[in-house]
Amino acid sequence: MKNSFALSTVLALLLAAFGSGACAQQSTAAINGVVAAGTPIELIKDGFSGTEGPIALPDGNFAFTETQANRITRIAPDGSISTLLENSNGSNGLAINPEGEVYAVQVKEPQVGIVYPAHSARVLAARYEGAPFGRPNDIVLDRKGGVYFTDSGVNPPAPGTASAPQPAEKPAKPAVYHISNEGALTRLAADIERPNGIQLSPDEKILYVANTFGEYVLAYDILGDGKVGPRRNFAKLEGFRKTETGATSGADGLAVDAEGRVYVASTAGIQVFSNKGEALGVIALPKAPQNIAFAGPGKKTLYAVGRGAAYRIATLTQGFTGRAK
């Protein structure tokens, strides 16, 4: 009896300390108006393959891409997991139009287009001035049906390897692009070392771009007709460092909330900025996030995916509801 009591006491203490999940939950520091102190960072599941492209689905579910596994995965509000689409052509970033069609930048055969539902699937662009895209990375739609996306270029060699496999054709240089509602492809910027996450302000007057190799989130005023103003530094990122292989901030996916705050997935965690680029705080995660999105009822939950894991965090703020992300 003594041993049973001692064991049950230890188990109770562990549950009290770590919660009922399989592992301890990390909690957040307070960020005024964004997240309360002590809010748990809930691990939904670890062990996914190539986590990217999180987005809110029209039915209230949340979806993200497993790029390496070549599928799009769906998570319900109760945490249950299912497959939305197999054979996704290596879909990476996702967007959804008002009709519920899922747009994706795709890396297996580099292109941009609609991947779901099957009867709507089509390619919107695969080349720029005759050159194939290198590695389309992220995407956002405006309310007119225009498509903004990044091509971050062919992945650099992994540390310790001599070189990465070379494409059969020389790809277009890393850049930011726009596809009009009529299908016209325009290159907006080709002076970013590694353009990654892309997002629009709620009023769609500003285009934000994360530069993985840079110290700042970049911003462009949108002039219309597939044109943007000059590049400017919007927000300075924590965690920028110079290494033997080059400089990096790890800046990846972006999200915005209803107040116009900008959220950046980076090696430091989820960095939060005001709509003027002022640093408000960082939500540190057990694993560095690769992309983020508000989803769930009322868009009051911030989801993060990265390094094979998916997390969710209850927020005080609401994600922007004018588009899927």
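Is Phe149 buried or exposed? I looked this up first. Phe149 is buried, at a relative accessible area of 0% (buried is under 20%, exposed over 50%, partly exposed in between, with a 1.4 Å probe and protein chains only).

Ground rules. I am working on a predicted model, where local features need pLDDT of at least 70, side-chain atom pairs count only at pLDDT 80 or more, and totals for chains, interfaces and linings use all residues. Residues are numbered from 1 along each chain as its sequence is written, and side-chain values use heavy atoms, with hydrogens and water left out.

Aromatic pairs. I took rings of Phe, Tyr and Trp (its six-membered ring) as paired if their centres lie within 6.5 Å; planes under 30 degrees apart are stacked, over 60 edge-to-face, the rest tilted. The count comes to nine aromatic pairs. Phe149 and Tyr177 are stacked, at 5.1 Å centre to centre and 20 degrees between the planes. Phe149 sits in strand β14 (residues 147-151) and Tyr177 in β15 (residues 175-179), so this pair ties together parts 28 residues apart in sequence. I took strands as DSSP runs of E, at least two residues, numbered from the N terminus. Tyr177 is also buried, at 0%.

Next I checked Tyr263 and Phe294. This pair is edge-to-face, with 5.2 Å between centres and 85 degrees between planes. Both residues are buried.

Sheet. I found four strands in an open sheet, ordered β24-β25-β26-β27, with antiparallel pairing (strands pair if DSSP finds at least two bridges between them). The edge strands are β24 (254-256) and β27 (279-283). Four bridges join β26 (residues 269-273) to β27. Phe273 stands opposite Ala279 in β27.
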